[in-house]
Amino acid sequence: MDMNLRTVVAPSRLPSRISWRKHRAWLVSAAILVALALFDTPQAAESAIFAGRSLLATAPFLVLSVTIVAWAAATGAENLIARMFNGAPAIMIGLGALAGGLSPFCSCGVIPLIAALLTMGVPLPAVMAFWLSSPIMDPSMFVLTAGVLGLEFAVAKTLAAVGLGVFGGTVVHVLMKGGALVDPLRDVRGGGCGGAWIRAPKPVVWRFWAEPDRRTTFGRTALSTTLFLAMWLTLAFLLESLMLAWIPAETVTATLGGEGLLPIATATLVGVPAYLNGYAALPLVGGLVDQGMAPGAGMAFLVAGGVTSIPAAMAVWALVRPKVFTAYISLSLVGALASGVLFQLWSALT
């Protein structure tokens with residue numbers, strides 16, 4: 001699962017002895033700077049300056065994305081998503097893809113929410129549509145993508161997210177009509193943080209500032225989200241500075257550049273192990289595109305990495321049966337490859 005920003009927005013309930021995991025990106029950033037200071041002092045200064053300037057340039061988009069997430073948490077707008085999973089299969093698949101691709105959804109509730117939906121009898125096609133599109137795009141991701149990679153790329157990635165959800169949900173629907181993928185869920189009890197508000201959703205209050213508890217939620221969410229984004233973006237910009245300094249443009253061009261299907265297919269496969277985080281990947285892809293990577297390969301990398309990264313795959317494996325897991329991975333890779341090809345064709349025509 002793409003490590004979306006709301007994973008750490010909710011107050012941590014983990015024991016303090018493992019709370020360091022929440023801050024591992026800060027630790028990695030510090031370790032990088034210390035190592036550079038010891039072995040390449042000029043590069044340490046250059047990387048720190050580069051990261052600082054990049055954070056300042058991204059600040060307006062960061063503020064907007066934080067406001068969106070905090071507003072959704074304070075108003076309870078996420079509760080509206082639960083009402084979308086009703087109706088005819090085609091409508092449910094479309095709404096599931098839109099809900100996953102367009103809504104500021106709580107990332108800590110994705111896996112428990114899927115368990116709750118399947119346990120409650122929501123058809124797998126609609127759930128799969130939501131599941132595939134959710135890690136790729138949300139409003140805050142859209143804002144940051146537009147700021148780092150441009151508006152055209154952000155719109156294309158949004159369409160890729162929704163399109164992948166519709167594609168995956170439709171394929172699963174066809175497979176289930178043939179008798180496949182029945183009883184998809186492993187023995188998972190309860191619905192976690194997602195299932196709780198599915199079963200007993202709280203009312204949406206648009207004027208959240210009139211209630212002290214919701215004002216507190218807004219403030220805490222804004223602070224946690226800001227720290228989370230700053231943490232991952234700092235690491236991303238540090239890595240980007242090293243990539244720009246140490247990776248020759250010729251190497252990138254030879255590996256992922258050029259024309260044809262091969263660079264896009266390579267980026268699709270590379271995106272799985274190399275993917276860090278939905279937000280951290282943005283400046284990295286921006287740096288690669290500047291060095292010659294094909295736009296379609298960048299799109300394929302972001303889509304494939306967002307859906308099939310190793311943490312996401314592990315969570316999915318723990319939740320569903322092997323056949324559903326195989327379908328999830330296969331649909332993700334096929335959809336990422338198709339997204340890359342289509343975006344490359346669009347880029348060539350414009």
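The model is predicted, so local features need pLDDT of at least 70, side-chain atom pairs count only at pLDDT 80 or more, and totals for chains, interfaces and linings use all residues. Residues are numbered from 1 along each chain as its sequence is written, and side-chain values use heavy atoms, without hydrogens and water.

**The chain overall**
- The protein chain has 15 helices and zero strands (DSSP runs: H or I of at least four residues for helices, E of at least two for strands, numbered from the N terminus).
- Of its 350 residues, 50% are buried (under 20% relative accessible area, with a 1.4 Å probe and protein chains only).

**Helix α5 against α7**
- The axes of α5 (residues 124–133) and α7 come within 7 Å and cross at roughly 155° (lines fitted to C-alpha atoms over the stretch in contact, with angles from 0 to 180 degrees between N-to-C directions).
- That angle makes α5 roughly antiparallel to α7 (over 145 degrees).
- The contact (heavy atoms within 4.5 Å) includes L124, P125 and M128 of α5 and A161, L164 and G165 of α7.

**Helix α7 against α13**
- Helix α7 (residues 151–177) and helix α13 (residues 295–308) have axes that come within 11 Å and cross at roughly 45°.
- This makes α7 oblique to α13 (the angles left over once those under 35, over 145 and 65 to 115 degrees are taken out).
- On the α7 side, F153, A156, K157, A160 and L164 meet P295, G298, M299, L302, V303 and V307 of α13.
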